[in-house]
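My entries follow the order in which I looked.

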2 protein chains.
Amino acid sequence: MATSTLFPAEIEAWRTQIDDALTEYTRFDDDCPRHLADAIRYCLLAPGKRFRPLLLLTATEMCGGSIEGAMPAACAVEMIHNYSLIHDDLPAMDNDDFRRGRSTCHIQFDESTAILAGDALIPMAFEVLARDIRPDDIAARCVLALATASGPSQLVGGQADDLGFQFSPANLESLERIHRRKTGALIAVSLEMGAMIAGASPEKLKSVIQYGKHLGLAFQIVDDLLDLRGSQDKMGKRAGKDAELGKLTYPAVLGVEESELRAREVAQAAIDALQPFGDSARPLELLARFVIDRTQ
Amino acid sequence: MATSTLFPAEIEAWRTQIDDALTEYTRFDDDCPRHLADAIRYCLLAPGKRFRPLLLLTATEMCGGSIEGAMPAACAVEMIHNYSLIHDDLPAMDNDDFRRGRSTCHIQFDESTAILAGDALIPMAFEVLARDIRPDDIAARCVLALATASGPSQLVGGQADDLGFQFSPANLESLERIHRRKTGALIAVSLEMGAMIAGASPEKLKSVIQYGKHLGLAFQIVDDLLDLRGSQDKMGKRAGKDAELGKLTYPAVLGVEESELRAREVAQAAIDALQPFGDSARPLELLARFVIDRTQ
């Protein structure tokens, strides 16, 4: 993938490990209907950036934890991310038939299977955390953090407001309120879980979460810019879809140039939050730069 | 409610406590959009039997645990049950516009809100377990048990097979395979969590789960009978809907009389599984009888 060269070889190796672990987690028993298993695998095992799992593992390493010990949480956050993509693409939601260069789940299978595949991925994420994160108190803290980030005030609330944004004023505040929850919460919790599993101090945990909040915002601004300007090849989804749906986006509110500037500012704020970590923060700095470089 | 008189006054009191706790758990902050909060409350706080939470608390008491300590788990299982009702009623699923005598969520609100309300209830359940069940190792065990019961091989798998049952032979084995997962898993895990929170021994836990499996089956057989014969008043949903959809049901496979007999046999097997508990099993015995008495 084009993104690979921005990461050190070590992080590249994690991507393969993540894919392998996700493959293991989707070896279902006979009680899982074949077409449901196929739909879950079609979405979860599709080639992807694995951005959130990589963030999580990078935070773990930065805080001196074990990659192997954090891998279940990396998989859990990717499961939640994938469920949200599947449900966001549904006809009653964003009605997208194309994602990452492939048919979306309800097009490839059918609508009920797509609803059920998303429904299955949510408890799968918590099952993985509860069974495979050790010790139990860290598992419980990870469940709490991921559940909160996936809940009605964060991921789902952001998506609900994004769908019904006509009820909000079209200003920067409304926009950042939506994306802090719709995209930001899951990115921030990835970093938070990675640091928690490594036993990070409360101060370091705070820095990592701060980085995550800024990074999530930068990520969303760039996503909006890519949607506006990008080709279908680059985005793997139909370009200009957001504008077509009349969605509230950064370029629509701030203009393209101001949006690019804002993305850079926010990415820099993310990097600044990592100061307590010194040189060990280098990989997360590279990740923040990678997010910005997607615009080019 | 008509069901009340079958329970000792003590269990009646729990129902109010459950409703109060669910009300507390749905006091959302400002980050939860109003219409999403309204939809979640509309469904979760609707008058209901609270069958699964009552089972859970009854198991807790039978095993000598604290009702207060188990209440978060009672709420969690009701959240998962409610999400499954909301999503099962969707147009792409069973397409029901009437449930418990009221409009279903997608009729009362809209389809995207119903999808999102269901999506929000799943992580809410795990958030409640991880935050409010103590100690952490019991919280982690509850998360694991509820997540497994809600996952692709249990609740979601059963629903997927129920929707697509035309791929299965219409025999008793297929039917019980569907309902062991679609209805049975959540009923069994309610009892399992209640016993776990009370610190039940592995032997007692096994008896309780065994009771739960039989009870879940009895519950489903009676549900099928009620759907066939019941009036809209009694069921709160359109009678004969299952037959209309060509669903695989017990009366369709076994006939009405044989189905009634099977329900009684299975309920008796549930009661028999409680032998190790002696007199303290009396409330769960009453519950099993209540399930059967719904046919009358």
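**Entry 1. A helix pair across the two chains**

I looked up which residues of α6(A) meet α8(B), in what is a predicted model. On the α6(A) side I found S112(A), L116(A), D119(A) and A120(A). Their partners in α8(B) are V156(B), Q159(B), A160(B) and L163(B). I sorted the residues of this contact by type and got five nonpolar, two polar and one charged.

Next I looked at the geometry. Two packed helices are described by the angle between their axes and the distance between the axes. The axes of α6(A) and α8(B), the latter made of residues 155–163 of chain B, cross at roughly 170 degrees and come within 10 Å. An angle over 145 degrees counts as roughly antiparallel, and so α6(A) is roughly antiparallel to α8(B).

**Entry 2. The whole contact between the chains**

I then asked how many residues each chain gives to the contact. Chain A gives 47 residues, and chain B gives 47 residues. On the side of chain A that touches chain B, the elements giving two or more residues are α2 (34–44), α6 (111–132), α7 (136–149) and α8 (155–163). α6(A) gives the most, with 13 residues. By type, this side of chain A holds 26 nonpolar, 11 polar and 10 charged residues.

**Entry 3. How the copies are related**

Two copies of a chain are related by a rotation about an axis and a shift along it. Which rotation and shift superpose chain A on chain B? I noted a rotation of 180 degrees and a shift of 0.0 Å along its axis, with an RMSD of 0.0 Å. That is the relation of a two-fold axis.

I also checked which surface each copy uses. Of the interface residues of chain A, 100% are also interface residues in chain B, so the copies meet through the same surface.

**Entry 4. A helix pair inside chain A**

Last, I looked at α8(A) and its packing with α9(A), which covers residues 172–197. Their axes are 7 Å apart, at an angle of about 140 degrees. The two helices are therefore oblique to each other. I recorded the crossing of α8(A) past α9(A) as left-handed.

From α8(A), the contact uses L155(A), G157(A), G158(A), Q159(A), D161(A) and D162(A). From α9(A), I178(A), H179(A), R181(A), K182(A), A185(A) and L186(A) take part. The residues of this contact divide into four nonpolar, four polar and four charged.

Notes. Residues are numbered from 1 along each chain as its sequence is written. Chains are lettered from A and ligands numbered from 1 in the order in which they are written. This is a predicted model: local features need pLDDT of at least 70, side-chain atom pairs count only at pLDDT 80 or more; totals for chains, interfaces and linings use all residues. Two residues are in contact if their C-beta atoms, placed from the backbone, lie within 7 Å. Helices (H or I, at least four residues) and strands (E, at least two) are DSSP runs, numbered from the N terminus. Ala, Val, Leu, Ile, Met, Phe, Trp, Tyr, Cys and Pro count as nonpolar, Asp, Glu, Lys and Arg as charged, and the others, Gly among them, as polar. Copies are superposed by least squares on the C-alpha atoms of residues with pLDDT of at least 70 in both. Axes are lines fitted to C-alpha atoms, for helices over the stretch in contact, and angles run from 0 to 180 degrees between N-to-C directions. Angles under 35 degrees count as roughly parallel, over 145 as roughly antiparallel, 65 to 115 as roughly perpendicular and the rest as oblique. A crossing is left-handed if the near helix is turned anticlockwise from the far one by less than a right angle, and right-handed if clockwise.
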